[in-house]
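Please read each numbered point with the model in view.

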Amino acid sequence: MDAIEALLARPSLPPPKVRAALRQAEGLTQVEVAEAIGVTRVAFHRWETGQAEPRARSRAAYLRLLQGIADKHPEIDLEGSPT
């Protein structure tokens, strides 16, 4: 796979509001998630509000967490479209 294909195949994060909804559905605080991923709460807050996006290593960990929570909470629309 060439570099362009690798970028196109990279899974995308859900919209920021969905990220927050998933975290809240699991009863996790921003501090808990930030510490688990290894970033500051401020950095995490920026990801969850759409002000910034995580870098590669943090992104992979965050995506893994979100996917795990989404599996437990299928009622949450991952696309963020109105239901």
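1. The axes of helices α3 and α4 come within 9 Å of each other and cross at roughly 105 degrees. Helices here are DSSP runs of H or I with at least four residues, strands are runs of E with at least two, and both are numbered from the N terminus. Each axis is a line fitted to C-alpha atoms, for helices over the stretch in contact, and angles run from 0 to 180 degrees between N-to-C directions.

2. On the α3 side, the contact is made by Gln 30, Val 31, Val 33, Ala 34 and Ile 37, and on the α4 side by Arg 41, Phe 44, His 45, Trp 47 and Glu 48. Contact means heavy atoms within 4.5 Å. By class, six of the residues in this contact are nonpolar, two are polar and two are charged. In this scheme Ala, Val, Leu, Ile, Met, Phe, Trp, Tyr, Cys and Pro are nonpolar, Asp, Glu, Lys and Arg are charged, and the others, Gly among them, are polar.

3. The model is predicted, with local features requiring pLDDT of at least 70 and side-chain atom pairs counting only at pLDDT 80 or more, while totals for chains, interfaces and linings use all residues. Residues are numbered from 1 along each chain as its sequence is written, and side-chain values use heavy atoms, with hydrogens and water left out.

4. Buried means under 20% relative accessible area, exposed over 50%, and partly exposed in between, with a 1.4 Å probe and protein chains only. Helix α2 is followed by Gly 27, which has a positive phi, near 75 degrees.

5. How many salt bridges does the structure hold? There are three, a salt bridge being a side-chain nitrogen of Lys or Arg within 4 Å of a carboxyl oxygen of Asp or Glu. Side chains of opposite charge can pair when their charged atoms come close.

6. One of these salt bridges joins Glu 53 to Arg 19, with the closest N and O atoms 3.2 Å apart. This pair links distant parts of the chain, since Glu 53 is in the loop between α4 and α5 and Arg 19 is in helix α2, 34 residues apart. Glu 53 is partly exposed at 44% relative accessibility, whereas Arg 19 is buried at 3%.

7. Arg 23 and Glu 48 also meet in a salt bridge, at 2.7 Å from N to O. Here Arg 23 of helix α2 is linked with Glu 48 of helix α4, 25 residues apart. Both Arg 23 and Glu 48 are buried.

8. Glu 26 and Lys 72 form a salt bridge at 2.5 Å, N to O. Glu 26 is in the loop between α2 and α3 and Lys 72 is in helix α5, 46 residues apart. Glu 26 is partly exposed at 26% relative accessibility, and Lys 72 is exposed at 55%.

9. A search of the whole structure finds three aromatic pairs. Rings of Phe, Tyr and Trp (its six-membered ring) pair if their centres lie within 6.5 Å; planes under 30 degrees apart count as stacked, over 60 as edge-to-face and the rest as tilted. Phe 44 and Trp 47 have ring centres 5.9 Å apart and planes at 65 degrees, so the pair is edge-to-face. These two residues are separated by about one helical turn because they lie three residues apart in helix α4. Phe 44 is buried at 1% relative accessible area, and Trp 47 is buried at 5%.

10. The rings of Phe 44 and Tyr 62 have centres 5.4 Å apart and planes at 75 degrees, so this pair is edge-to-face. Phe 44 lies in helix α4 and Tyr 62 in helix α5, so the pair ties together parts 18 residues apart in sequence. Phe 44, Trp 47 and Tyr 62 form one aromatic cluster.

11. Finally, His 73 is in the segment after α5. His 73 is buried, with 14% relative accessible area. Leaving aside residues up to four places away in sequence, His 73 touches Ala 25 and Glu 26.
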